[in-house]
Amino acid sequence: MSEATSIPLPVLGQSSQASMSIALVGNPNAGKTTLFNSLTGLRAKTANFPGTTVDHRQATIVLDGEVHQLVDLPGAYSLEGISPEEEVTRDALMGKLGDKAIPDVIVLVLDATQLTRNLVFGSQILELGRPTIVALNMIDEAEANGLEISVDQLSEELGCEVVPIAARHGRNLDELLNKLTALVKQPVTGTCGSSAACAGCSGCQYSSRFRWATDLTRRSVQGEQTGRTYTNEKIDRIVTHRWVGLACFATLMAVVFMLIFWLASFPMDWLDGMFASTSELVGGFLPEGDFRDLITEGLIGGVGGMLVFLPQIFILFFMITLLEDSGYLARAAFVMDRLMHRVGLPGKAFVPFLAAHACAIPAIMSSRVIDDRRDRLNTILIIPLMTCSARLPVFAMVVALMFPDNAVLAGLTFAAAYAIAIIGALAISFVFRRTILPGKTKPLVIELPPYRLPSLRNALTTSLDQSRLFVRKAGTTILVFSLVLWVLATYPKATPDMLPTSWQNQLSQVEASGDTEAYDTMLAQAQSEYSIAGRMGKFIQPAFAPLGYDWRLSVGVINSFAAREVMVSTLAVLYGAGDEEEGLLGSLRQARDASGGLVFTTPTCLSLLIFYIFAMQCFPTLVVVKRELKGWKWPAFQLVYMTLVAYVGALITYQASLYFLGA
């Protein structure tokens, strides 16, 4: 067995023509994704399988000069499972996913520290009769736990090559690639020992598979597979404690968010300044006119206003991946289950809730794992209340406006926004279960993986992948919205004599005073209100005035119904971020309303934060809810109740803040 090594990554770009498809399969927590990241580096891409919203990652690899497609299938415990991930894995292996062909070669990833349980699922994979190689992962942890595994015995009984590896540290990956290359060149189907043991059994197949896996483990492994250590037990007694566990969870999240704000402030300032300088530089090369304004204000200002929050997106996913890799997130689910059960939510809802912090759409789809109809409906109705990544730019913008130089208060406010969303969701669930959805919920059954040192490489890969999706969205949807909004906010153009009489009188008074800067600022504001966007904003602004919003903020709220993050680019265009040397945040801090007062006061920022914690503001989510629940009745109810909660919450927050803090 070779020692840890640094192998060259045999990866090509996505455009390469793949000749064979290779599928990575295995139980959840077997280290499948870590192996995929180690083999493919940072050049993989995330996509959905045809007809599903289940993510998978794929990349091309080169084996002995031949290009092949490597696909990381979702983790599964059985090919007969009912979760969306298990259905996708089964259909992918059977060639039933759209135009996806049956994988030519399978890499079965087994956790060496939990060999018996992994072999139960492995027996089903081997019975498919495809060319298969076994990657016996986490061999270093097995050895540290005193386990001695006979690889030759396993290989002989499984009828295929078995390579002991430690994907997290790159150990033996070169050997795995060499044997995978040989298998691809000569795809030999081995004789699977599990077929005779399991397929021919006339009794319970689960018992037969488990007995076969137990017997094979006994013959191949020396030592006891407990999967638990004394240290694990001691830590678990603290972090899964009824009350101490909740305090640990809250404290950890607060620290994470403070770190996010402190670390991200440096690249954010750099990006903000870079986009402002770019706008000024580009504007200097272009002739004065609408085209220059379109580029500097609509394009650079709109898209740049979004991308400035990229560092926070990156660091958030980096930290979450570290927590997941360490094994803590499963404990957090266990701790939260006690609380969720009291408010009528099933334990299985924690997984969709966790996924909803990235995006509500796959989270709603993953709620299919919940068997009971009322439990599932209740979960779907409150999933959009979780703080998805689309809310992050809005939260980050508001918090940065409130605490520009205090990372501790900014981090605590950010963490409080997450906490308010969770508490609000639990409270609303409690109300639903005691009114429109009465009934009991089912308990949680979850696997607690052993604590592990998280992989920085895996966290880096995941964060870059999510950041790439964020940038792609900024370059497509946000770009289109920014350009359309710039047109609406620019036309029709008005000369001073075309403006209403009240504006003409004010302009005349300022012009007479000789203050040209104040005159230009007032004229720009008057022209902005004269535009299509200005008229729309002033029409709807009375409805948002009690929340402290001027007409530009009102337009931003309406525009963001398509996608929450559009709010930031909308404000960047309407408040002219491209013109300001200090970028988006600088222009927002200096923005003034018609009466001359600052727009983004503390009460207004708090009101805006509360509104976006609870508001639906995501049309694609409503469409998915309609598809899942087979009709528009519940999506309409969801839109109405979330909008009412957001509006009333923002109203109370603004008026209370005015009373206690002043304008």
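Which residues point one way from strand β6, and which the other way? Before I answer, a word on the basis of this talk. The model is predicted: local features need pLDDT of at least 70 and side-chain atom pairs count only at pLDDT 80 or more, whereas totals for chains, interfaces and linings use all residues. Residues are numbered from 1 along each chain as its sequence is written, and side-chain values use heavy atoms, with hydrogens and water left out.

Strand β6 covers residues 105-111; strands (E, at least two residues) and helices (H or I, at least four) are DSSP runs, numbered from the N terminus. Val105, Val107, Val109 and Asp111 point one way, while Ile106, Leu108 and Leu110 point the other way. All of these are buried, meaning under 20% relative accessible area, with exposed over 50% and partly exposed in between (1.4 Å probe, protein chains only).

Let me turn to the neighbours of β6. Strands pair if DSSP finds at least two bridges between them. Strand β2, residues 20-26, runs parallel to β6 and is joined to it by five bridges; here Ile22 stands opposite Val105. Strand β7, residues 132-137, also pairs with β6 in the parallel sense, over six bridges, and Val109 stands opposite Ala135. From β6 the chain passes through helix α3, residues 115-126, to β7 in a right-handed β-α-β crossover: with the strands pointing away from the viewer, the path from the first strand over the helix to the second runs clockwise.

Finally, I come to helix α10, residues 244-285, where Leu259 is found. Leu259 counts as partly exposed because its relative accessibility is 34%.
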